[in-house]
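I opened a new structure today and kept notes as I went. Here is the entry I worked from.

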Amino acid sequence: MKKRFIFILSLLTSILAVSAQKPSIPIVYAEGGEGKNVVYRKLTKTERDEIPGYVWGDCSNCLSATDCNIRASSTLPSQGSANYAAKNMQDDDPTTAWVEGQTDYGIGQYIEFKNGRTLNSITILNGYQKSPKSFIENSRVKTLRVSENGIDRCLIRLKDEMGAQYINTDKLRFEYNGSENGIANLRFTIVEVYQGMKYKDVAISEIFAQGCCVSGQSKIILHNNNEKEFHHLSSGDSIKFIDNQNKIIYATAVETGSIMHDLLLKITTENGNNITLTPGHYVYTSGGKKIQARHLTLSDSLQLINSQESIYWDKIYSIKKIQNPTKTYYFKKLDFGNYNIAWPVKAVFNNVVTDDEYLDKINWIKGNK
Ligand SMILES: [Ca+2]
Ligand SMILES: [Ca+2]
């Protein structure tokens, strides 16, 4: 009897031990990569942009909401002309990298930044991608633990490959809502590594966010009231925006970016207006309420602006998912000149009033000055 009791007790203990070891946070697996022996230095910028899997700076946004800085818990000291600073992860150059500063594999070392947007997708160039030799000789990250304001949120499992890897965090909803000042602390901690052939130096070459965007066919209204599809927009085009008091203002396009997205939503209204955009993109509904496209229902209305420049609402007729990889576009830099603006500024695509990741960011900065 006693033996049986001990047996049951030990069985229970081992069950408890197993369940305690089970990860209670989700594992998100990176997609993409597929980079074998990439020699970036031999590629022109155009060639790099055209190769699937290799994302260059045109498609990136800084992760940090405040200053484009990422803080690292440690950094390998410079060797000769090469440095391994954390800023190398956000310099749009895959051949420069941050390397942790511990003599071992740097398990427990982390990078950290202030998140100020809804992060849907993160892109990482794993390892030291200066050359295929540097990649294989140095160590790469296998698993990162992501915590938000000190709370563990997920594990990211990276591939042992060159090129850009995408991590879809759409379901995890890293949102800054509810955090102090609208800013959350995101920390990525090294949990496991792929060991380098020569060095215990664990490297990350780039890490950045992919934006909330609209389809290339989305029409923008120019200063002369002509329309232009986003993918045809040129630097220097003057574009119509509205400010918080629905006053028309204009900004000059300085730089735009483009990104592939796997899932878009096409929202069509009862009067045939439509917009195709990422689920995380914000639009305005009845009463001027700002809401992410993913939360729209058929009982909502979209806010529009007509050619006489008055605001109206149009009830949603359908919401369709587009699940093919689609090239989308976003503003990377705008120049508002000396306009006297009531922030936040809103973008208009196909007459639909929307927010924009870039505008969201500068709205936040202006609003907190
Ligand atoms: Ca870099
Ligand atoms: Ca090390």
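My notes follow, from the whole chain down to single residues.

**Ground rules.** I am reading a predicted model, where local features need pLDDT of at least 70, side-chain atom pairs count only at pLDDT 80 or more, and totals for chains, interfaces and linings use all residues. Residues are numbered from 1 along each chain as its sequence is written, while chains are lettered from A and ligands numbered from 1 in the order in which they are written.

**Whole chain.** I looked up the secondary structure and found 4 helices and 25 strands. Both are DSSP runs numbered from the N terminus: helices are H or I with at least four residues, strands are E with at least two. Of the 369 residues, 40% count as buried. Buried means 20 or more other C-beta atoms within 10 Å of the residue's own, exposed means 12 or fewer, and partly exposed lies in between; C-beta atoms are placed from the backbone. I then checked contacts, which need C-beta atoms within 7 Å. Among contacts with a separation of 6 or more, 69% join residues 24 or more positions apart.

**A sheet.** I traced an open sheet of 6 strands in the order E1-E8-E7-E10-E5-E3, with mixed pairing. Two strands pair if DSSP finds at least two bridges between them. The edges are E1 (27-29) and E3 (71-72), each pairing on one side only. Further in, E7 (140-148) and E10 (184-194) run antiparallel and share 8 bridges. Thr-143 has Glu-192 in E10 as its bridge partner.

**Cores.** Which residues touch the most other members of the largest nonpolar core? I noted Trp-98, Val-99, Ile-124, Ile-156 and Ile-204, in a core of 44 residues. Such a core is a set of buried Ala, Val, Leu, Ile, Met, Phe, Trp, Tyr and Cys residues joined through C-beta atoms within 7 Å. Strands supplying at least two residues each include E4 (98-99), E7 and E10. A second, separate core has 36 residues, among them Val-283 and Tyr-330. Back at Ile-124, I listed its contacts beyond four places in sequence; they include Ala-30, Leu-158 and Ile-204.

**A hairpin.** E17 (264-269) and E18 run antiparallel with 4 bridges. Ile-267 pairs with Ile-275 in E18. Between the strands lie 4 residues, and Gly-272 takes a positive phi near 85°. In E18 (274-277), Asn-274 and Thr-276 point one way, Ile-275 and Leu-277 the other, and all are buried.

**A loop residue.** Is Thr-297 buried or exposed? Thr-297 counts as exposed because it has 9 C-beta neighbours inside 10 Å. Thr-297 sits in the loop between E20 (289-292) and E21 (301-305). Its C-alpha atom is 9.9 Å from that of Ile-267, 30 residues apart along the chain.

Conventions: Two residues are in contact if their C-beta atoms, placed from the backbone, lie within 7 Å.
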